[in-house]
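Welcome, and thanks for taking a look at this one with us. Please have the sequence and the 3D view open side by side as you read.

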Amino acid sequence: MSNGEDNAHVHVTEDPDKARNVQGSSGNQNKTFLMLSLILATALGPSSMTSFVVAVPFIQNEFGITATNAQYTISIGLLGMAVATLLYGPLSDRYGRRPVMLAGIGVAAFGCMLGAVANSIEMLIAARLLQSAGAISGMVISRVVIYEFFGRAKAAAMLGALTAGMIVPPLFAPTVGGVLVDTIGWRSIFVVFGGLTMLAWGLVFLNLRETNLTKTAHIKIQGVLRDYYTLLNNRHFVICLTFITAAYSAFICFMAGAPFVAMRTFGLSASVYGLVFTLVPAGYFLGSLFTARFGNSFGNARLIASGATFSFCIYTLGAVVLVAGIAPAPTFFMAMGFLAIGNGLSLPGGHSESVETSGRRAGSGAGLIGFAQMAFSAIAAQFVGAAQGPQLSPLPTVAAVLVLTAVALIAAIAIAKNSGRLDVKHPVAF
């Protein structure tokens with residue numbers, strides 16, 4: 001990507017010869033260690049959030065603040081991720097993938113150190129902002145590195161391994177965070193995560209060579225904004241954005257409200273909460289496995305519509321059972337676990353549909369969707385924290401998830417209808 005409007009999105013090497021040149025420039029670079037480095041760097045983003053949420057009620061107690069103010073450690077972190085998602089692509093186009101990723105991971109490590117010694121809620125919120133904004137760099141840049149290093153023909157298999165890095169760590173991060181909080185204290189989460197972040201920095205430093213062989217001369221903000229404007233005037237893209245944002249925000253609302261409900265209302269310990277929370281990422285993992293196996297046979301539109309319908313119906317049933325007072329604690333978590341299965345079925349197709357709709361602006365489209373889902377999630381999470389009130393009822397969390405799941409279903413139906421009119425059946429991409 002060298003000039004004009006192409007500066008608006010992340011450039012990737014598509015020519016197999018260029019991919020071979022990238023590999024050649026890396027000398028005897030070990031591909032296995034490169035993939036391990038990228039997987040760990042990718043895992044920092046989701047793990048920084050899921051390992052931390054269990055600590056929020058304890059942070060509220062230590063600093064003597066309201067649950068709403070404690071939630072800022074989550075929502076401000078999400079906002080940091082949202083803004084950083086828009087910046088890492090153009091910055092890595094201009095300055096290279098390697099230095100920008102190293103800088104981002106370095107910022108995350110500094111945020112961890114700051115969080116471990118924070119003596120005020122303001123200092124802790126600033127630490128979470130730095131940690132989250134830096135940690136997301138691996139997720140944004142690693143996908144591009146894989147395309148440039150391996151070439152399009154081999155990238156699909158490598159992206160599958162990278163996807164595991166986004167899904168598997170959240171299976172264990174809440175449990176690890178809960179055990180750390182119960183045995184050592186909430187600050188230990190920052191210490192342990194800081195160590196993993198520095199390990200990721202070291203591995204990236206040792207194993208990643210620069211893959212962007214055609215750096216841009218400068219970043220054209222006007223071109224970026226022009227592409228965003230064009231995408232937002234594309235009705236089908238906006239519907240895809242709405243679907244992805246609503247489905248993702250439902251998960252974040254649950255993640256924000258669940259620790260208070262589980263520990264204060266249901267009386268669970270941090271360790272037990274971390275264990276039962278794994279039902280949610282495990283559900284998404286199961287759904288995504290089905291999508292990986294059968295996605296190409298079904299096509300995007302059918303997977304999106306069926307997954308969204310399953311999520312809405314199963315969660316509505318769970319909400320009714322919860323309101324009826326039948327086994328409230330198991331129902332609270334199991335309903336979300338089943339909803340996550342539906343998201344695992346539908347979200348990969350939603351992302352694939354958005355990429356196809358974006359065309360040559362795919363990089364800008366991905367950045368815009370990433371910004372929208374995290375920025376809206378931050379607002380929604382803060383709303384849930386405020387709505388829970390001192391009684392910490394599970395109903396505000398359930399209501400927020402149900403509304404967002406309904407919005408996702410409406411958008412999914414619209415996607416299916418548009419795809420039917422266009423007579424398009426795209427394969428699912430990961």
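Predicted model: local features only at pLDDT ≥ 70, side-chain atom pairs only at ≥ 80, totals over all residues.

The chain has 18 helices and 0 strands. Buried residues account for 55% of its 430 residues. Among contacts between residues at least 6 apart in sequence, 86% join residues at least 24 apart.

**Helices α6 and α10**

- Start with α6 (residues 97-116) and α10 (residues 187-207), whose axes come within 8 Å and cross at roughly 160 degrees.
- An angle over 145 degrees counts as roughly antiparallel, and α6 and α10 are therefore roughly antiparallel to each other.
- The crossing in which α6 passes α10 is left-handed.
- On the α6 side, the contact is made by R98, M101, L102, I105, G106, A108, A109, G111, C112, G115 and A116.
- On the α10 side, the partners are R187, F190, V191, F193, G194, T197, M198, W201, V204 and F205.
- Sorted by class, this contact of α6 with α10 has 14 nonpolar, 5 polar and 2 charged residues.

**Helices α5 and α7**

- A second pair to find in the view is α5 (residues 72-95) with α7 (residues 121-135), packed at an angle of about 35 degrees with their axes 7 Å apart.
- Here α5 passes α7 in a right-handed crossing.
- From α5, the residues in contact are Y72, T73, I76, G77, G80, M81, A84 and Y88.
- From α7, they are I121, L124, I125, R128, L129, S132, A133 and G134.
- By class, the contact of α5 with α7 has 10 nonpolar, 5 polar and 1 charged residues.

**Two buried residues**

- The side chain of R97 is joined to the side chain of S92 by a polar contact of 2.8 Å.
- N343 sits in helix α16 (residues 328-358), and its relative accessible area of 9% makes N343 buried as well.
- Which residues does N343 touch, leaving aside those up to four places away in sequence? They are A247, Y284, S311 and P348.

**Two residues with accessible surface**

- R302 belongs to helix α15 (residues 300-323). Exposed means over 50% relative accessible area, so R302 counts as exposed at 52% relative accessibility.
- R302 and I415 are 113 residues apart in sequence, while their C-alpha atoms are 9.5 Å apart in space.
- T230 is part of helix α11 (residues 221-232). With 31% relative accessibility, T230 counts as partly exposed, because that class covers values between the buried and exposed cut-offs.
- T230 and G365 are 135 residues apart in sequence, with a C-alpha to C-alpha separation of 10.0 Å in space.

- For pairs separated along the chain, R302 with I415 and T230 with G365 are the two to select.

How values were computed: Residues numbered from 1 in each chain as written. Heavy atoms only, no water. Axes fitted to C-alpha atoms, helices over the stretch in contact; angles between N-to-C directions. Helix = DSSP H or I, 4+ residues; strand = E, 2+ residues; numbered from the N terminus. Parallel < 35°, antiparallel > 145°, perpendicular 65-115°, else oblique. Left-handed = near helix turned anticlockwise from the far one by under 90°. Contact = heavy atoms within 4.5 Å. Nonpolar A, V, L, I, M, F, W, Y, C, P; charged D, E, K, R; others polar. Polar contact = N/O pair within 3.5 Å; in protein donor to acceptor, adjacent residues only side chain to side chain. Buried < 20%, exposed > 50% of the residue type's maximum accessible area, 1.4 Å probe, protein only.
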